[in-house]
Amino acid sequence: MGDQETRAALDRHWAASAAGDQDVEHEIYHDDVITDYPQSGERIHGRRNLQTLRSNHPAKLTFTIRRILGSGDLWITEYVIDYDGKPASTISIMEFRDGKVAHETQYFADPFTPPAWRAKWVESMPFF
């Protein structure tokens, strides 16, 4: 699979995630995918478990994609997931094998108020 096809698959994946279409969202994954959530120390084995876990999430989720970068078998998506009105900056690192995701690692970060001491060196940016 070339970069254009992978990017199209990612676009379908994220659009399906935003629409709540669990079947299309999970087409991108190998049946034996491993998904890691390092901050909670969780590892999910298999597409079926991943889809079932995500299908049972109690919050209403919305997604805002900031950017997608990658080539070959390594792709990174930077986005914001809004959980019932609470945003979390998220990074998804997807490793592809034979055109499907074999391993995904997701990092989640809550927003915070920046410290006043660094205000003279920064500017505010929209959070989404």
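This is a short talk on one protein chain, moving from its overall layout to a few single residues.

Please keep in mind that the model is predicted.

Let's start with the whole chain. There are 128 residues, and buried ones make up 34% of them. The secondary structure comes to 3 helices and 6 strands. In sequence order, the pattern reads α-α-β-β-α-β-β-β-β. The C-alpha trace spans about 50 × 35 × 25 Å along its principal axes.

Now contacts. Residues 24 or more positions apart account for 42% of them.

And the surface. The chain exposes about 8000 Å². Carbon and sulfur atoms supply 53% of that area.

Next, helix H1. H1 covers residues 3–19, which is 17 residues. How far apart should its ends be? At 1.5 Å a residue, H1 should span 24 Å. The C-alpha atoms at its ends are 24 Å apart, so the model agrees with the expectation.

Which residues of H1 are buried? They are Thr 6, Ala 9, Leu 10, His 13, Trp 14, Ala 16 and Ser 17. Look down the axis of H1, and these buried residues fall within an arc of 160°, so they line one face of the helix. Turn to the face pointing away from that buried side. There you find the exposed residues Gln 4 and Ala 19. Just after H1 comes Gly 20, with a positive phi of about 75°.

First up is Thr 6, in helix H1. Buried or exposed? Its relative accessibility is 2%, under the 20% cut-off, so Thr 6 counts as buried. Set aside its neighbours within four places in sequence. Thr 6 is then in contact with Met 1, Trp 75 and Phe 96.

Then Asp 3, also found in helix H1. Asp 3 has 35% relative accessibility, so this residue counts as partly exposed. Which residues does Asp 3 touch, not counting those up to four places away in sequence? The answer is Ser 71, Gly 72 and Trp 75. So much for its contacts; here is a distance. Asp 3 and Ala 88 are 85 residues apart in sequence. In space, C-alpha to C-alpha, Asp 3 and Ala 88 are 28 Å apart.

On to a strand. His 30 is found in strand S1, residues 29–37. At 14% relative accessibility, His 30 counts as buried, because buried means under 20%. What is His 30 in contact with, leaving aside its neighbours within four places in sequence? The list is Arg 47, Arg 97, Asp 98, Lys 100, Val 101 and Ala 102. Compare that with a separation along the chain. His 30 and Ala 59 lie 29 residues apart, and their C-alpha atoms are separated by 26 Å.

Last stop, the surface near the end of my list. Which residues make the nonpolar surface patch of about 430 Å²? Trp 117, Trp 121 and Val 122 make it. Take Trp 117. This residue is found in the segment after strand S6, which runs 100–109. Its relative accessibility is 61%, over the 50% cut-off, so Trp 117 counts as exposed.

To recap. Helix H1 has its buried residues along one face. His 30 in strand S1 counts as buried. Trp 117 counts as exposed and belongs to a nonpolar surface patch.

Terms used: Residues numbered from 1 in each chain as written. Predicted model: local features only at pLDDT ≥ 70, side-chain atom pairs only at ≥ 80, totals over all residues. Heavy atoms only, no water. Helix = DSSP H or I, 4+ residues; strand = E, 2+ residues; numbered from the N terminus. Expected span 1.5 Å × (residues − 1). Buried < 20%, exposed > 50% of the residue type's maximum accessible area, 1.4 Å probe, protein only. Arc of directions from axis to C-beta. Patch = residues over 30% accessible without salt bridge, like charges linked within 9 Å, V, L, I, M, F, W, Y side chains within 5 Å. Areas by Shrake-Rupley, 256 points an atom, 1.4 Å probe, with all protein chains shown as cover. Salt bridge = Lys/Arg side-chain N within 4 Å of Asp/Glu carboxyl O. Contact = heavy atoms within 4.5 Å.
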